[in-house]
Amino acid sequence: MLNLPKLIGHRGVKNLAPENTLDSIELAHKLGLKWIEVDVKITKDKIPIVLHDDSLDRTTNFKGLTIDFLYEEIKKLDAGSFFYNHKTNIFIPTLENIFNFCSKQDMGINIELKPNQGFEIDNVKAIAKVVNKYKNFNNFYFSSFDLKSLNEMKKIFPDFHYGLLVDNFENAYSLEEYLKICENNKFFNFGLNKKLINSEIINKIKKNNLIITTYSENNIELIEANDLWKLGVTSIFIDDPSLFEL
Ligand code: G3P
Ligand code: MG
């Protein structure tokens, strides 16, 4: 079983450096975080890269869907100017760049499978190739909102750790249905939006022996974090850990 820490850097430390970049992950490490989370999807030439959105629009100086461009084109984009409001040399890293850094520093990685729609299987296969290059590094787990991605990855690596991410209980399944899915697929982790959390829900999830993680659109402050840990949340995805003891 993986030993997850109380705080996991969200897209590196997304409020302190451009999200999902090496700068952001290096800063997370410097600040003392032991684990980071990154969003992974593929380029047109099936290179797994670290980027949250389906498109390049929000976090680079270019527009278009990631899946329509080669990595050599994507690597030239400025992935830092949206954050600093001036030109930077910061680029969109590959998953391999992240593995390289984290395996050297023994930093844990939560790999969120976030494929462009229709590319779920290609995404999983390309990520598996990278994972296979790092045989001696196993300080990571996979998570996803997309059940298909988790199940496809599990076919390749049945013994790795998997977490299901859930943003609401209205669109697809109820909590009970999600818990059944976790049980049937032997997932170890249930990651839910902070807005869904109350003691009843936490107790139900814990009864199913799942490790609970939580994320939010905004940074989770220390006072709230203490309440979440007390309720039974194991790890919080943090955008800015500056006020926490690390
Ligand atoms: O895995 C937690 C969190 O990263 C999920 O939401 O949208 O930030 O990828 P998002
Ligand atoms: Mg994510």
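Student: Which pocket does ligand 1 take up?
Tutor: The largest pocket is the space taken by ligand 1. A pocket here is an open set of points on a 1 Å grid over the protein atoms alone, with protein on both sides within 12 Å along at least five of seven lines. A molecule sits in one if more than half of its atoms lie within 2 Å of its grid points.

Student: What are the ground rules for the model?
Tutor: This is a predicted model, where local features need pLDDT of at least 70, side-chain atom pairs count only at pLDDT 80 or more, and totals for chains, interfaces and linings use all residues. Residues are numbered from 1 along each chain as its sequence is written, chains are lettered from A and ligands numbered from 1 in the order in which they are written, and side-chain values use heavy atoms, with hydrogens and water left out.

Student: OK. Which residues surround ligand 1?
Tutor: Among them are His10, Arg11, His52, Lys114, Phe145, Leu165, Tyr215 and Phe237. The cut-off is a heavy atom within 4 Å.

Student: Which polar side chains reach its oxygen atoms, and at what distance?
Tutor: An N or O atom in the side chain of His10 is 2.7 Å from an oxygen atom of ligand 1. For Arg11, the polar side-chain atom lies at 2.8 Å from a ligand oxygen. For Lys114, the distance is 3.0 Å.

Student: How much of ligand 1 does the protein bury?
Tutor: Taken alone, ligand 1 exposes 290 Å², and the protein buries 91% of that. Accessible areas come from the Shrake-Rupley method with a 1.4 Å probe.

Student: Back to His10. Where is it, and is it buried or exposed?
Tutor: His10 lies in strand E1, residues 7-10. Strands are DSSP runs of at least two residues, helices of at least four, numbered from the N terminus. His10 counts as buried because its relative accessibility is 8%. Buried means under 20%, exposed over 50%, partly exposed in between, with a 1.4 Å probe and protein chains only.

Student: What does the His10 side chain contact within the protein?
Tutor: The side chain of Asp239, through a polar contact of 2.8 Å. Such a contact is a pair of N or O atoms within 3.5 Å; within protein, one must be able to donate a hydrogen and the other to accept it, and residues adjacent in sequence count only if both atoms are side-chain atoms.

Student: Now the metal. What are the protein donors of the magnesium ion?
Tutor: Glu37 (OE), Asp39 (OD) and Glu112 (OE), lying 2.0 to 2.1 Å from ligand 2. Donors are N, O and S atoms within 2.8 Å of the metal (3.2 Å for Na, K and Ca), and water is not among the atoms, so sites may look incomplete.

Student: How are those donor residues spaced in sequence?
Tutor: E-x1-D-x72-E. Glu37 in strand E2 (residues 35-42) and Glu112 in strand E4 (residues 108-113) are 75 residues apart, so this pair links distant parts of the chain.

Student: Why do Glu37 and Glu112 count as buried?
Tutor: Glu37 is at 4% relative accessibility. Glu112 also has a relative accessible area of 4%.

Student: New topic. Which non-glycine residues have a positive phi?
Tutor: Asn85, at about 60 degrees, and Asp106, near 45 degrees. Asn85 is in the loop between helix H3 (81-84) and helix H4 (95-105). Asp106 is in the loop between H4 and E4.

Student: Are they buried or exposed?
Tutor: Asn85 counts as exposed, at 70% relative accessibility. Asp106 counts as exposed too, at 52%.

Technical notes:
On a 1 Å grid over the protein atoms alone, a cavity is a set of points where a 1.4 Å probe fits but cannot get out, and a pocket is an open set with protein on both sides within 12 Å along at least five of seven lines; lining residues have an atom within 4 Å of a point.
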